[in-house]
Amino acid sequence: MAESHHEEEVLGKAYDARLMKRLLKYLWPYKWHAVTSLVLTILSAPLVLAGPPLTKAAIDLFLAPDPSKPPSGFALFLKHLADRFGFGASAYQGIAFIALVFFIANVAAFAVHTRKPS
């Protein structure tokens with residue numbers, strides 16, 4: 001019975017500093033690959049998740065705008081961008097702008113996901 005309690009204690013240990021030090025020795029020659037991978041992973045998260053907010057903004061701003069609810073937040077930011085780049089004149093141009101932003105986000109996400117460290 002005491003043996004099984006000891007095994008649970010060893011298995012339940014969450015962090016082992018000596019083991020981490022040993023593992024980091026093996027990672028050290030590849031430190032720039034690891035840092036690059038971490039940065040690209042952090043950059044890819046918002047790019048992958050850009051679809052739903054862009055779709056919501058396209059609907060709220062150009063497909064079914066509600067005059068009683070002015071755009072706010074991300075939709076307002078996209079509206080200003082569309083106006084600034086000359087895409088805000090009509091609903092078709094606004095949808096084209098949102099589609100272009102969505103395409104750029106997908107291409108960037110693809111580039112980040114397929115990046116191979118040299």
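# Notebook: a helical chain and its core

I began with the core. The largest nonpolar core holds 12 residues, namely A50, L54, A57, A58, L61, F62, A75, L78, A82, F97, I98 and A105. I then looked up which elements give two or more residues to this core, and they are α4 (51-63), α5 (74-84) and α6 (91-113). Of these, α4 gives the most, with 5 residues. A reminder to myself: this is a predicted model.

**Entry: the whole chain.** The chain has 6 helices and 0 strands, and its pattern along the sequence reads α-α-α-α-α-α. I checked burial next: of the 118 residues in the chain, 15% are buried. The accessible surface comes to about 9,600 Å², and carbon and sulfur atoms account for 69% of that surface. I also looked at contacts with a separation of 6 or more, and 53% of them join residues 24 or more positions apart.

**Entry: α4 against α6.** How do the axes of α4 and α6 cross? I found that they come within 9 Å and cross at roughly 170°. Angles over 145 degrees count as roughly antiparallel, and α4 and α6 are therefore roughly antiparallel to each other. A note for later: two packed helices are described by the angle between their axes and the distance between the axes.

I listed who meets whom here. From α4 come G51, L54, A57, A58, F62 and L63, and they meet A91, G94, I95, I98, V101 and F102 in α6. I sorted the residues of this contact by type and got 10 nonpolar, 2 polar and no charged. Some of these names were already in my core list, including L54, A57, A58, F62 and I98.

**Entry: A105.** Setting aside residues up to four places away in sequence, A105 touches L47 and A50.

**Entry: F97.** Leaving out neighbours within four places in sequence, I found F97 in contact with L78, L81, A82, F85 and F87.

**Entry: T55.** Back in helix α4, I looked at T55. T55 has a relative accessible area of 44%, so I put it down as partly exposed. Its C-alpha atom is 8.8 Å from that of F102, which is 47 residues away along the chain. F102 is one of the α6 residues in the contact with α4.

**Entry: S37.** My last stop was helix α3 (residues 31-48), where S37 lies. Which residue did I pair it with for a C-alpha distance? I took H113, 76 residues apart from S37 along the chain, and the two C-alpha atoms are separated by 9.5 Å. S37 counts as partly exposed, because its relative accessibility is 36%.

How values were computed:
Residues are numbered from 1 along each chain as its sequence is written. This is a predicted model: local features need pLDDT of at least 70, side-chain atom pairs count only at pLDDT 80 or more; totals for chains, interfaces and linings use all residues. Side-chain values use heavy atoms; hydrogens and water are left out. A nonpolar core is a set of buried Ala, Val, Leu, Ile, Met, Phe, Trp, Tyr and Cys residues joined through side-chain atoms within 4.5 Å. Buried means under 20% relative accessible area, exposed over 50%, partly exposed in between (1.4 Å probe, protein chains only). Helices (H or I, at least four residues) and strands (E, at least two) are DSSP runs, numbered from the N terminus. Contact means heavy atoms within 4.5 Å. Axes are lines fitted to C-alpha atoms, for helices over the stretch in contact, and angles run from 0 to 180 degrees between N-to-C directions. Angles under 35 degrees count as roughly parallel, over 145 as roughly antiparallel, 65 to 115 as roughly perpendicular and the rest as oblique. Ala, Val, Leu, Ile, Met, Phe, Trp, Tyr, Cys and Pro count as nonpolar, Asp, Glu, Lys and Arg as charged, and the others, Gly among them, as polar. Accessible areas come from the Shrake-Rupley method with a 1.4 Å probe; for residues, only the protein chains shown count as cover.
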